Amino acid sequence: MLYLLLFSLAFVFTIQSHSYHKSKFINSANFLSGGIYNSINDASEYLNLRTQNTLLQEENNQLKSILFNKTDTISKTFIDSTYSGTSYKFSPAVVIKNSYSLSNNVLLLNKGRRDSIQQDFGVVSPKGLVGIVDKTSKKYATVISILNTSSRISAQLKKSNHFGSLIWNGKSPYLVQLTEIPKIAPIVVGDTIITSGRSSIFPKNIPIGTIDSFNLDTSQNYYVIHIRLFNDMTSLEHVYIIENKDANEINALINNTNE
Amino acid sequence: MNSIIFTHTFRFIILALLQVLVLSHINFLGYINPYPYILFILLYPLKNNRVIFILISFLLGLTIDTFLDSGGVHAAASVSIAFIRPFILKFSFGAVYDHQTMKFSNVEFGSKLTYFAILILIHHFILFSLEIFNFSKIILILQNTLFSSIFTIILCILTTVIFSRRN
């Protein structure tokens, strides 16, 4: 009897963990597991300082080239003085637990509610998309990685505006799948895929990866595209959390329209 | 009695920490990880209170789940093998087990291997079935079960050989 009770309890936890944003109790963003992962990461991050430095330098290089080649926009006058023009706020964080070999991978970051991180904030790395914040505790946050079979993110082709959902089939940590791209879209192997900005989570133009191969799905109307990620999801360290300050407004508007 | 409790508490903590900090990040060939934390359940004293044993196994699984963000898959698998352990013990050790005289340190290697292998295979099968949770991916489940089990069995046998007390 006790066995059946405990087994069904564990089973309920499992079911919850498979449905998006439902798992309530069992996650690693608590002070014990978060604290242990944090102190271990403090020690182990020295081991790959060199590669992480190179990554950050590459990103600096890229940002500098944008900065110095930019046309002057500062001298333009703003008509509405309360509107600053920036609705996305970035904050840096460190991945203290990475995971990529399961079928539902969850990362742990060293920022939490104390740093005003909330559910449904986006997470990107210098090279591309990482995932979406799920649970937060005072000091830590869990992230549903794009390598999670329950993750769905809106993405599009860079050269045309055809968009679809980004999912993962659970096989390779280097490949994700883009579905629901209509047959009419012009796609070529090697094309770049970016976020579409059609959700309130990610801004547009965050790079995701390049097309590795594609085929039609069973209904023969939509493509299933395999995308090779720019990110190496197996070695993540420094990431940025994106807060969309307009998210509440957008979601409220959409909910109102639906009712 | 106190020393037994101390040994097992110590073993619980060490195995759980080792599992979540080291062994879950091996990713041999990309996805193969051993789960030798269940050594705690395999080597739990034979004369035990069944209720407490099942509860402790559940707690161990849940601890691993919390660290690995895997819902309740480890808890479910651990509590299952804790439940069926007596039957497997009887099956692999036969008469020795019936007379309540056996100790893990002085049993035949062959029957110990059978005992470990059966429980580990069952544990891993439940684990991966619940984790992948998609019956159409049965091949992937079986493949993961097989490879991880081999890895876990080797590690468990090695650990018991290294840490066995010579009388």
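Predicted model: local features only at pLDDT ≥ 70, side-chain atom pairs only at ≥ 80, totals over all residues.
The domain assignment divides chain A into domain 1 (27-63 + 86-148 + 234-251) and domain 2 (153-229). The C-alpha centres of domain 1 and domain 2 of chain A are 23 Å apart. To the contact between them, domain 1 of chain A contributes 18 residues and domain 2 of chain A contributes 16 residues. On the side of domain 1 that touches domain 2, the elements of chain A giving two or more residues are strand S3 (122-124), strand S4 (129-136), S5, strand S12 (238-244) and helix H4 (247-258).

The largest nonpolar core comprises 47 residues, and Leu109(A), Val143(A) and Ile208(A) have the most contacts inside it. Strand S5 (residues 141-148) of chain A supplies the largest share of this core, five residues. Because domain 1 (27-63 + 86-148 + 234-251) and domain 2 (153-229) of chain A both give residues to this core, it lies between them. When neighbours within four places in sequence are left aside, the residues in contact with Leu109(A) are Ala93(A), Val94(A), Val95(A), Ile96(A), Tyr140(A), Ala141(A) and Val143(A). A second, separate core contains 41 residues, among them Ile41(B), Ile64(B), Ala75(B) and Ile126(B).

In chain B, helix H7 (residues 138-162) has 25 residues, which at 1.5 Å a residue should span 36 Å; the end C-alpha atoms of this helix are 36 Å apart, in agreement with that expectation. The buried residues of H7(B) are Ile141(B), Asn144(B), Thr145(B), Ser148(B), Ser149(B), Phe151(B), Thr152(B) and Cys156(B). An α-helix has 3.6 residues a turn, so residues three or four places apart point the same way. The cover over the buried residues of H7(B) includes helix H2 (39-42) and helix H6 (109-132) of chain B.

Between the two chains, 27 residues of chain B are in contact with 23 residues of chain A. Helix H3 (50-68), helix H4 (73-93) and H6 of chain B each provide at least two residues of the side of chain B that touches chain A. The most is given by H3(B), with eight residues on that side.

Notes
Residues numbered from 1 in each chain as written. Chains lettered and ligands numbered in written order. Core = buried A, V, L, I, M, F, W, Y, C linked by C-beta atoms within 7 Å. Buried ≥ 20, exposed ≤ 12 C-beta atoms within 10 Å, placed from the backbone. Helix = DSSP H or I, 4+ residues; strand = E, 2+ residues; numbered from the N terminus. Domains from an automatic or database assignment. Contact = placed C-beta atoms within 7 Å. Expected span 1.5 Å × (residues − 1).
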